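Please open the structure in a viewer and keep the selection tool at hand. The stops below are meant to be visited in order.

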Amino acid sequence: MARVFISPSTQEYNEYINGGSEEQYMNLIADAMQPLLRERNVSFVRNFRDGNVLESVKLSNETRPELHIALHSNASPPSISGRLTGIDVYYFPGSESGYRAAQIFVEELKKIYSGSVRSLTSSQMYELRATAAPTVLLELGYHDNDSDERWIKNNINNIARALANGIFRYLGV
């Protein structure tokens, strides 16, 4: 049975401009993904909401999933707060499996988000460089931008379905 690791943000301090936090909304998306994964017999392990990224990576590496997916939302630099929009899907440079997963998620998210959706590499993000499994870290819009924040809040189930479909495509189930 295929297995994925779902790692919603544990950053309760990243507040949305109209209420709530990154941790809250990324966990709602992860909650909505779970029944979709169960329907296709994809097993999953999930990080602990009160944990941190070090614990998430450790648990992922211990459980040896076929794919690790980290769920986040972004914030603009203070000098341009609220001006940026879009979805970024990060993978570790040189990871062929990470690249393939990132491209699949970009395709799935473009079906539901009308703005920019792109894949990028990063060797700076701990969750990308320290996780043994192929990993994608998704920044699902800017929570300091009113339209992106509203989109996230109003599309929890659509985002969950797009991500689940990406997982199914990646795993071939």
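The tour below moves through aromatic contacts, a buried histidine, salt bridges, backbone angles and a surface patch. The model is a predicted one.

**Aromatic pairs**

How many aromatic pairs does the structure hold? There are three. Begin by selecting tyrosine 16 and tyrosine 25. Their ring centres are 5.1 Å apart and their planes meet at 20 degrees, so this pair is stacked; planes under 30 degrees apart count as such. Tyrosine 16 and tyrosine 25 are both buried.

Select tyrosine 91 and tyrosine 99 next. Here the arrangement is edge-to-face, with 5.5 Å from centre to centre and 70 degrees between the planes.

**A charge over a ring**

Now select phenylalanine 168 together with arginine 40. Arginine 40 is placed over the face of the phenylalanine 168 ring, at 4.3 Å from the ring centre.

**Histidine 143**

Move to histidine 143, which is in the loop between β6 (135-142) and α5 (146-154). Why does histidine 143 count as buried? Its relative accessibility is 4%, and buried means under 20%. Display the residues around histidine 143: leaving aside those up to four places away in sequence, it touches Asn14, Glu15, Tyr16, Ile17, Glu22, Ser73, Asn74, Ala75 and Glu149. Tyr16, one of these contacts, is also a member of the stacked pair visited above.

**Salt bridges**

The count of salt bridges comes to nine. Select aspartate 31 and arginine 46, whose side chains meet in one of them at 2.7 Å, N to O. Aspartate 31 belongs to helix α1 (residues 22-39) and arginine 46 to strand β2 (residues 43-46), so this pair ties together parts that are 15 residues apart in sequence. Aspartate 31 counts as partly exposed, at 38% relative accessibility, while arginine 46 counts as buried, at 18%.

Select aspartate 88 and arginine 118 for another salt bridge, 2.7 Å from N to O. What does this pair tie together? Aspartate 88 is in strand β4 (residues 87-91) and arginine 118 is in strand β5 (residues 117-121), so the pair ties together parts that are 30 residues apart in sequence. With a relative accessible area of 5%, aspartate 88 is buried; arginine 118 counts as partly exposed at 42% relative accessibility.

Continue to helix α5 and select arginine 150 and aspartate 146. Both residues lie in this helix, four residues apart, which is about one turn. Their closest N and O atoms are 2.4 Å apart, and the two form a salt bridge. Arginine 150 is partly exposed, with a relative accessible area of 44%, and aspartate 146 is partly exposed as well, with 36%.

**Backbone angles**

Most residues other than glycine have a negative phi. Select asparagine 41, in the loop between α1 and β2. Although asparagine 41 is not a glycine, its phi is positive, about 60 degrees. At 53% relative accessibility, asparagine 41 counts as exposed.

Then select arginine 64, in the loop between α2 and β3 (67-74). Is phi of arginine 64 positive or negative? The value is positive, near 55 degrees, in a residue other than glycine. Arginine 64 counts as exposed, with a relative accessibility of 70%.

**A nonpolar surface patch**

Leucine 54 is found in helix α2 (residues 53-63).

Terms used
Residues numbered from 1 in each chain as written. Predicted model: local features only at pLDDT ≥ 70, side-chain atom pairs only at ≥ 80, totals over all residues. Heavy atoms only, no water. Patch = residues over 30% accessible without salt bridge, like charges linked within 9 Å, V, L, I, M, F, W, Y side chains within 5 Å. Areas by Shrake-Rupley, 256 points an atom, 1.4 Å probe, with all protein chains shown as cover. Salt bridge = Lys/Arg side-chain N within 4 Å of Asp/Glu carboxyl O. Helix = DSSP H or I, 4+ residues; strand = E, 2+ residues; numbered from the N terminus. Phe/Tyr/Trp six-rings, centres within 6.5 Å; stacked < 30°, edge-to-face > 60°. Buried < 20%, exposed > 50% of the residue type's maximum accessible area, 1.4 Å probe, protein only. Lys NZ or Arg CZ within 6 Å of the ring centre and 35° of its normal. Contact = heavy atoms within 4.5 Å.
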